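Please open the model in your viewer and keep the sequence panel beside it.

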Amino acid sequence: MSAALVTVMAGALFGFGLALSGMVRPEVVLSFLQWQDFGLMLVMAGGLAVTLAAYQLAPRWRRTPLLAAAYEAHTARMHRDTFVGSALFGVGWGLSGVCPGPAIAGLGTGNLDMLWVLGGLAAGAWLQGAFVA
């Protein structure tokens with residue numbers, strides 16, 4: 001139960017940060033992608049700095065994570081599907097100006113147009129599972 005509560009709180013904090021930064025507004029994202037507004041670059045750099053610090057410092061401060069038995073290494077391999085998926089994600093992001101996380105957070109700000117984006121995400125995930133698996 002505590003793990004679920006911490007997960008919900010972390011998701012709410014993440015969504016609040018996305019909304020506060022303006023990343024839930026497609027016009028902000030699209031102006032960033034068109035090299036017109038670099039404010040989003042600062043948001044991404046801040047997120048990267050916090051993540052890097054957490055990944056480097058947390059294992060040194062604690063022997064085990066707060067909500068797991070041990071730290072786990074995640075090794076990823078690059079292959080063709082990784083590049084195809086990245087390209088499709090980039091095209092979708094460039095056309096809509098919306099990432100999956102900000103789309104969900106955008107619903108919390110009252111932007112119901114995000115339902116179209118989330119419907120497209122669900123359809124794409126279903127197609128991937130139906131034809132690639």
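Before the first selection, a word on names: helices (H or I, at least four residues) and strands (E, at least two) are DSSP runs, numbered from the N terminus. Residues are numbered from 1 along each chain as its sequence is written, and side-chain values use heavy atoms, with hydrogens and water left out. What you see is a predicted model, in which local features need pLDDT of at least 70 and side-chain atom pairs count only at pLDDT 80 or more, while totals for chains, interfaces and linings use all residues.

**Stop 1: the whole chain**

The C-alpha trace spans about 45 × 40 × 30 Å along its principal axes. If you switch to a surface view, the accessible surface (Shrake-Rupley method with a 1.4 Å probe; for residues, only the protein chains shown count as cover) comes to about 10,200 Å², and 71% of it belongs to carbon and sulfur atoms. Of the 133 residues, 16% are buried, where buried means under 20% relative accessible area, exposed over 50%, and partly exposed in between (1.4 Å probe, protein chains only). Contact means heavy atoms within 4.5 Å, and among contacts between residues at least 6 apart in sequence, 49% join residues at least 24 apart.

**Stop 2: the largest pocket**

For this stop you need the idea of a pocket, which on a 1 Å grid over the protein atoms alone is an open set of points where a 1.4 Å probe fits, with protein on both sides within 12 Å along at least five of seven lines, and whose lining residues have an atom within 4 Å of a point. Grid points are joined across faces, edges and corners, and a volume is the space filled by probe spheres set on the points. The largest pocket holds about 770 Å³ of space. Select Gly-47, Val-50, Thr-51, Ala-54 and Tyr-55, which, of the 21 residues lining this pocket, are the closest to its centre.

Which helices each supply at least two residues of this lining? They are helix H1 (2–21), helix H3 (39–61) and helix H5 (100–108), and H3 gives the largest share, with nine residues. For classes, Ala, Val, Leu, Ile, Met, Phe, Trp, Tyr, Cys and Pro count as nonpolar, Asp, Glu, Lys and Arg as charged, and the others, Gly among them, as polar; the lining of the largest pocket then divides into 15 nonpolar, five polar and one charged.

**Stop 3: the second largest pocket**

Move on to the second largest pocket, whose volume is about 630 Å³, and select Gly-85, Leu-88, Phe-89, Leu-121 and Gly-124, which are the closest to its centre of the 19 residues that line it. Helix H4 (80–96) and helix H6 (114–131) each supply at least two lining residues, and H4 gives the most, with nine. By class, this lining has 12 nonpolar, six polar and one charged residues.

**Stop 4: H2 against H4**

Two packed helices are described by the angle between their axes and the distance between the axes. Axes here are lines fitted to C-alpha atoms, for helices over the stretch in contact, and angles run from 0 to 180 degrees between N-to-C directions. Select helix H2 (residues 26–33) together with H4, and you will see them pack at an angle of about 115 degrees, with their axes 8 Å apart. Pro-26, Val-29, Leu-30, Phe-32 and Leu-33 in H2 meet Trp-93, Gly-94 and Ser-96 in H4, a contact with six nonpolar, two polar and no charged residues.

Next, colour the buried residues of H2, namely Pro-26, Val-28, Val-29, Ser-31 and Phe-32, whose cover includes H3, H4 and H6.

**Stop 5: single residues**

Follow the chain to Trp-35, in the loop between H2 and H3, where phi is near 60 degrees, a positive value in a residue other than glycine. Is Trp-35 buried or exposed? Trp-35 counts as exposed, because its relative accessibility is 66%.

Then select Ala-3 in helix H1, which counts as partly exposed because its relative accessibility is 34%. Ala-3 and Ala-68 are 65 residues apart in sequence and 9.0 Å apart in space, C-alpha to C-alpha. Finish at Arg-62, in the loop between H3 and H4, whose C-alpha atom is separated by 36 Å from that of Thr-109, 47 residues apart along the chain.
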